[in-house]
Amino acid sequence: MNDSIIVVGITLTYLALILWVGLRARGQENSSLEGYVAGGRHVGVVILFFILGAEIFSAFAFLGAPGWSYQHGAPAFYILAYLSLVPITIWAMGPRVAKLGRERGYLTQGDMIADYYQSKSLGMLAGVIGVLALVPYLTIQIAGAGLLFQAATDGVIPFWLGALLAFLVVAAYVFCSGLNGIGWTNLIQGIMMIAIAWFLGLSISERLYGGVGDMFSQIQLTMPEYLTMPGATGMNWGYFSTAVLVSAFGGAMWPHLFMKFYSADSGKTLRKVSVFYPLYAYLLVPLLFIGFAGIIVFADTPLERSDTVLLRMVMDVANFSPWVIGLMLSGALAAAMSTGANLAHTAAVVLVRDVVGPTMMKDASEKAVVSATRWSVLGLSLIAYLFALANPSSLVLLLLGAYGLIVQLFPMVIGALFMPQLRRASVMAGALFGSVAYLLMEFAWSSPFGWHAGVWAMLLNVAVVVVWQWLTKPTVTNPTPSHT
């Protein structure tokens, strides 16, 4: 039997299984907006752990993380650094967000922001920023799926078709089952990708070098610059540190993570999840090993695209059987699809609830809102698919770019949760100035000192909030939010 047929057969069987599980998870409560968006607010520790964990194990984890350790070396450990900080924000913010959501009926960030500051326009601003950041993130997952299919099947399934298959499966079960479908498929896919990641990371280093320790010893002898800062490509400490900060603070601002706080059955559940959440960081370690393993292997013939190092190591170097390659492809697709489902679901909810709802659907029934949200899943996924066809050059840089924009929501969210003295006009001005400054530094100017542009934009954001607070004296304080 042709090797590519075996790989394709295993992968299509896996996709069919995930589609079946996702569609079977559809329950009666999905007909209501709260059921479709927040799973009825009764998601427990295990399912929530895998839902939130899917934010780490994405196409970025299986393709971008090994690519960065292969290309840069030690600077790739910024990923582990910021993941150790994200649980702090979950512990601090999650229970309060869940409590407010249960009391006031919040389903999105924009709901909380608009209600607290008594400003629909501020909620819409948060929604627009969220959608603009989520679409590139969704593009990463779809592009990653296309790359995986194309490489693992030797072109039998081209990039466009591989990306389309993953997009259709995810869109179908998210359309029908909402958060329930995401939760159950993420449980299965989480177990699958964890096992595949550790198997590949340990077996590749064992086959090529005799073990992980021997691998790093050889790198130290032949190419030691990869094991110290600033790494092989000269990444300075400023960019490393600011990338950690932007990713850590921005992580909690992602709507697809923030909105899952509303789905928890209690604040205690969220704190339990935050305690175990760092375990997912350890599961990225074997994927970083694969990138380091490629440093010496491809020393004489560098890869044109670093994001493909895992695929090249598995298919061309380690000489795995097609059965293993098929399982590898399924595990990597699990990473892309589990995150993609969360992103498509959240982007659709935010678009309809925070942007379209206050403008074009003011008097719409709940049934009409649920229907619009379902169709928005398909529309936004299609847009991300079309962007993916442009084949972005670096999944990591695309992700870091999205983090730089989403972190601009931080002051207004912190104000709504913990700092009642912050006023509506101040946080709106800060978010606007910060977002515009970030986009200019990302696409028109260069960032000073080589730092991540998101940090400069965040500093400007905070500075504008402080100055605005000082210059404008309130006539009234923020009114007490009303129940929605």
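1. Helix α7 gives the largest share of the lining of the largest pocket, namely four residues. Helices here are DSSP runs of H or I with at least four residues, strands are runs of E with at least two, and both are numbered from the N terminus. The model is a predicted one: local features need pLDDT of at least 70, side-chain atom pairs count only at pLDDT 80 or more, and totals for chains, interfaces and linings use all residues. Residues are numbered from 1 along each chain as its sequence is written, and side-chain values use heavy atoms, without hydrogens and water.

2. The volume of the largest pocket is about 660 Å³. The elements that give two or more residues to its lining are α2 (33-38), α7 (109-116), α8 (120-152), α17 (322-356) and α18 (366-388). On a 1 Å grid over the protein atoms alone, a pocket is an open set of points where a 1.4 Å probe fits, with protein on both sides within 12 Å along at least five of seven lines; lining residues have an atom within 4 Å of a point. Grid points are joined across faces, edges and corners, and the volume is the space filled by probe spheres set on the points.

3. The lining of the largest pocket comprises 28 residues, with Asp111, Lys120, Arg353, Gly357 and Pro358 nearest its centre. By class, ten are nonpolar, nine polar and nine charged. Ala, Val, Leu, Ile, Met, Phe, Trp, Tyr, Cys and Pro count as nonpolar, Asp, Glu, Lys and Arg as charged, and the others, Gly among them, as polar.

4. The protein has 22 helices and zero strands. Of its 484 residues, 61% are buried, that is, under 20% relative accessible area with a 1.4 Å probe, protein chains only.

5. Helix α12 is largely enclosed by the rest of the structure, because nine of its nine residues are buried. One of them, Ser263, lies in α12 (residues 255-263) and has a relative accessible area of 0%. The side chain of Ser263 reaches the backbone oxygen of Lys260 at 2.6 Å.

6. Leu15 belongs to helix α1 (residues 3-24) and counts as buried at 4% relative accessibility. Leaving aside neighbours within four places in sequence, Leu15 is in contact (heavy atoms within 4.5 Å) with Phe149, Leu165, Val169, Leu333 and Met337.

Terms used:
Buried means under 20% relative accessible area, exposed over 50%, partly exposed in between (1.4 Å probe, protein chains only). A polar contact is a pair of N or O atoms within 3.5 Å; within protein, one must be able to donate a hydrogen and the other to accept it, and residues adjacent in sequence count only if both atoms are side-chain atoms.
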